[in-house]
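I opened my notebook to go through one protein model from end to end. These are my entries on what I looked up.

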Amino acid sequence: METIRTYTNTKCELEIAKARLGWLMDRKEELYCKYFPITARYKDDVISGGEQRNDKMDRYLAELYDVDIGTGLSLVDEINLQRTTVERLNGYIANMTDALGRMGGIEYELYYEIVVNGKRITKAVEYIAEKYDRDTQTIWKYYYPKIEKDIKCLTTYSESTVNGVV
C-alpha cells in the first residue's frame, strides 16, 4: 500500500508543479502585454522636448529578470526551475506507472485500472471481479476500501485545480 501512497503523492506534486508553471507563464504573458499591448493607446497630449530613453524592451527585460525578494529568483529563472521540476516528476510518474503495472494483487490492479487507465470506479471493480472470478460485492467490501482514500485524494485535487483552487 505504500507504493500506492507514494504514487498518489507524486501525482499530486506533479499537478501542483504544473499549476505553478501555468501561473508563472500567465505572469510572463501579463508582463509582456503590459509593455506590448495589442491595441495602441490614444494619447491626448503630445509633449515634445528633451531626449527620453523609453525603450519598452529594456523595461520588459529588466522586469522579467528582476529578482523577487520572496523566492530569490527572477521570473525567467523560476519558470525554468518549474519546467525542470515538471519534467523530473513526469519521469518519476512514468517509472512508477511501469512498476505499478507489473505489481500483482487485487488492490494494485484495481488502483491501476482507475488511476492509470482512467476507468470509472464501477467499471474497474466489475473488470477486476471478472478477472479474478470474484463477486463485485467482495471487491467493493474488501479491496476498494484499501485504496479509496488515495483515489479520493487524486480526484479531490483534480477537481480543485479545474475549479481554479490550488
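My entries start with the whole chain and then move to single residues.

**Ground rules**

I'm working with a predicted model, where local features need pLDDT of at least 70, side-chain atom pairs count only at pLDDT 80 or more, and totals for chains, interfaces and linings use all residues. Residues are numbered from 1 along each chain as its sequence is written, and side-chain values use heavy atoms, with hydrogens and water left out.

**Whole chain**

I looked up the elements before anything else. The protein chain has 6 helices and 0 strands, so read from the N terminus the order is α-α-α-α-α-α. Helices here are DSSP runs of H or I with at least four residues, strands are runs of E with at least two, and both are numbered from the N terminus.

Next came burial. Of the 166 residues in the protein chain, 28% count as buried. Buried means under 20% relative accessible area, exposed means over 50%, and partly exposed is in between (1.4 Å probe, protein chains only).

I noted the surface too: the accessible surface of the protein chain is about 11,700 Å², and 50% of that belongs to carbon and sulfur atoms. Accessible areas come from the Shrake-Rupley method with a 1.4 Å probe, and for residues only the protein chains shown count as cover.

How much of the contact list comes from residues 24 or more positions apart? They account for 65% of the contacts with a separation of 6 or more. A contact means heavy atoms within 4.5 Å.

**Helix 1**

Helix 1 covers residues 2-35, which is 34 residues. I checked its span: 50 Å from the first C-alpha to the last, close to the 50 Å expected at 1.5 Å a residue. The expected span is 1.5 Å times one less than the number of residues. Its buried residues include Ile4, Tyr7, Leu14, Leu21, Leu31 and Tyr35.

I then picked out Lys28, which is found in helix 1. Lys28 counts as partly exposed at 30% relative accessibility. What does Lys28 touch, leaving aside its neighbours within four places in sequence? I wrote down Tyr60, Leu64, Leu75 and Ile79. Lys28 and Leu75 are 47 residues apart along the chain, but their C-alpha atoms are separated by 7.4 Å.

**Salt bridges**

I used this rule: a side-chain nitrogen of Lys or Arg within 4 Å of a carboxyl oxygen of Asp or Glu. By it, the count comes to 6 salt bridges. Background for myself: side chains of opposite charge can pair when their charged atoms come close.

- Arg20 and Glu78 form a salt bridge, with the closest N and O atoms 2.0 Å apart. This pair links distant parts of the chain, as Arg20 is in helix 1 and Glu78 in helix 3, 58 residues apart. Arg20 is partly exposed at 29%, whereas Glu78 is buried at 5%.
- Glu109 and Lys131 meet in a salt bridge at 2.5 Å, N to O. That pair also links distant parts of the chain, with Glu109 in helix 4 (residues 106-116) and Lys131 in helix 5, 22 residues apart. Glu109 is buried at 16%, and Lys131 is partly exposed at 47%.
- Glu148 and Lys152 meet in a salt bridge at 3.2 Å, N to O. They are separated by about one helical turn because they sit 4 residues apart in helix 6. Glu148 is partly exposed at 27%, and so is Lys152 at 46%.

**Thr85**

Is Thr85 buried or exposed? Thr85 counts as buried, at 15% relative accessibility. Thr85 lies in helix 3 (residues 75-102). A polar atom of the Thr85 side chain lies 2.9 Å from the backbone oxygen of Leu81.

**Met57**

Met57 is found in helix 2 (residues 56-64). Met57 is partly exposed, with a relative accessible area of 37%.

**Asp133**

Where is Asp133? I found Asp133 in the loop between helix 5 (121-131) and helix 6 (136-162). Asp133 counts as exposed, at 72% relative accessibility. Its phi is near 55 degrees, a positive value in a residue other than glycine.

Note on methods: A polar contact is a pair of N or O atoms within 3.5 Å; within protein, one must be able to donate a hydrogen and the other to accept it, and residues adjacent in sequence count only if both atoms are side-chain atoms.
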